[in-house]
Amino acid sequence: MGAHISVPMYQRSLPQRYRLVGLKCQKCGKINFPPKGTCKYCRASTEFIEVPLSGKGYVYTYTIIAGGGAPPEFTDQALIQGSYPVAIIQLEEGPRIMAQLVEVEREEIKIGLPVEAVFRRIYEEEGVIRYGYKFRPVVPPCKP
Amino acid sequence: MPEVAIIGAGQTPYGDFPLKGVKELFAEAYQEALASVDKGLDPNLIQALFLGSLSAGNGFQLGQLAPLLAGHVGLPDIPAVRVENACASGGFALLTAVQAIASGAYDLVMAAGVEKMRDVSSVQSKYWLGISGDTEYERLAGSTFAGIYAAMARRYMEEYGLKKEHLALVAVKNHRNGALNPKAQFRREITLETALKGVEVAYPFNIWDCCSTTDGAAVVIICNAKKAKDFTNRPVKIIGWGAGSDYLAIHDRDSLTSLKAVKNAAQTAYQMAGIKPQDIDFAEVHDCFTIAEILAYADLGFCQEGQAHRLLEEGVTSLEGRLPVNASGGLKAKGHPIGATGIGMACEIFHQLRGEAERKERQIRNGRTALSHNVGGSGGSATVFIYQREGE
Ligand SMILES: [Zn+2]
């Protein structure tokens, strides 16, 4: 008993989970992510076009979820990792989104850390692996 | 618009009651509320029941819980309905009851709340507690209820220089108050040192930053203030109320250091009551996590935004301070039986304003005007009530 996302419900959000597809308002031009029925910025338009976000942004705030307190979908991950970081990412296109941080040491995490989206396994339930976005620190390009 | 008064209030002790279900808990609070009506109350005068509950007894009775409980206490005929807004279910049940009186539709009704959380296995409990946030985009990022408030606390630290010690001060204060409250779940004091070194739950929170799971029920009986004197010479009026909502997901909000739902609810309540935050003598606020009490101070107008931790440093909100907050022990130490919490705050204030605290050490002196603040989830909804007794 309790809240739960069925496989069909998850499937309906695949454009967001897989490709960070946001909705650009045709009236005010701002991008809604996750999607809204009415634009959250101008509150006046329901006309949107789909635009994939760059996945670039920075850590707006964060927490470290301790293993024992993880949501039931993440019990296995918590067991293996002990704890894991969850952040709110400020995306460069404007929206903020909550996601896990990966490929980062706890000591490196700070507000303002530049990050980019990566495609990762999120959790498994009902025998179906759910994939989606996580974020990692931006890797500086190799210097010749 | 008719004025609204509380004439009776009762609540069970908060805690772990393996031998009591929602029916027994509700009946106990109801009987105490009836007995608290000074001149007695014929139960046949109760016209409706508004019941706050989130989990409906851990899913025991998801449909029609309110008629079930009304029937259990001998009121099978009255309209009875469950009101749900997560941790603010009780506040919204009271709001509905108050509006029912203020509209003139009823003269005397009951607002109640009940929750049975201790029966739940810890795995089940996580499924339940996750249900008050945005499941799709918060929980499926691996976050928890504590994690969401923890992220707000981390942002507050960044913006305003809040330290972990300030969070701990909330826990220490509320445990100190809870130690004096015979109905509190945790009746022992903790030191600052203890509060700082608990097991980590979600950085920067440890176990002492989080409220527990609790069984409990609370009932208030309210009526048209014109009729209050038929039942008691010492009614407590509800002179202002307000409610608000916000995006469930905190990433959809502009600010993480303030809850807009609370600000809007408070503004409405102050305006209706015709008073200012400085007129509040004491308050019961929704400290599901320590940061929540800190956010409440500014959102309720007790200080400027970002200055809340100064009130804690100066002891302003301690039991002996200028503005005692959570004399009951708050959600932190009194406990948080979700649907009952908002109603339990009204019970505490009713008895405090009438000078009826169970022990004189915890009686707030010369209090005339008080406020309660109840928040759903991480601020997706909120209610604020302002109470006043007669006299100076
Ligand atoms: Zn727009």
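**Reading the salt bridges**

Tutor: At 4% relative accessibility, Lys116(B) counts as buried (buried is under 20% relative accessible area, exposed over 50% and partly exposed in between, with a 1.4 Å probe and protein chains only). This is a predicted model, in which local features need pLDDT of at least 70, side-chain atom pairs count only at pLDDT 80 or more, and totals for chains, interfaces and linings use all residues. Residues are numbered from 1 along each chain as its sequence is written, chains are lettered from A and ligands numbered from 1 in the order in which they are written, and side-chain values use heavy atoms, with hydrogens and water left out.

Student: With which residue does Lys116(B) form a salt bridge?

Tutor: Side chains of opposite charge can pair when their charged atoms come close. The partner of Lys116(B) is Asp119(B), with the closest N and O atoms 3.9 Å apart; a salt bridge requires a side-chain nitrogen of Lys or Arg within 4 Å of a carboxyl oxygen of Asp or Glu.

Student: How many salt bridges are found over all chains?

Tutor: The search of the whole structure gives 34. Another pair is Lys40(A) and Asp252(B), whose closest N and O atoms are 3.4 Å apart. Both Lys40(A) and Asp252(B) are buried.

Student: Where do Glu159(B) and Arg155(B) lie?

Tutor: Both are in helix H5 (residues 145–160) of chain B, four residues apart, about one turn of the helix; helices (H or I, at least four residues) are DSSP runs numbered from the N terminus. Glu159(B) is partly exposed at 35%, whereas Arg155(B), at 14%, is buried.

Note on methods:
Helices (H or I, at least four residues) and strands (E, at least two) are DSSP runs, numbered from the N terminus.
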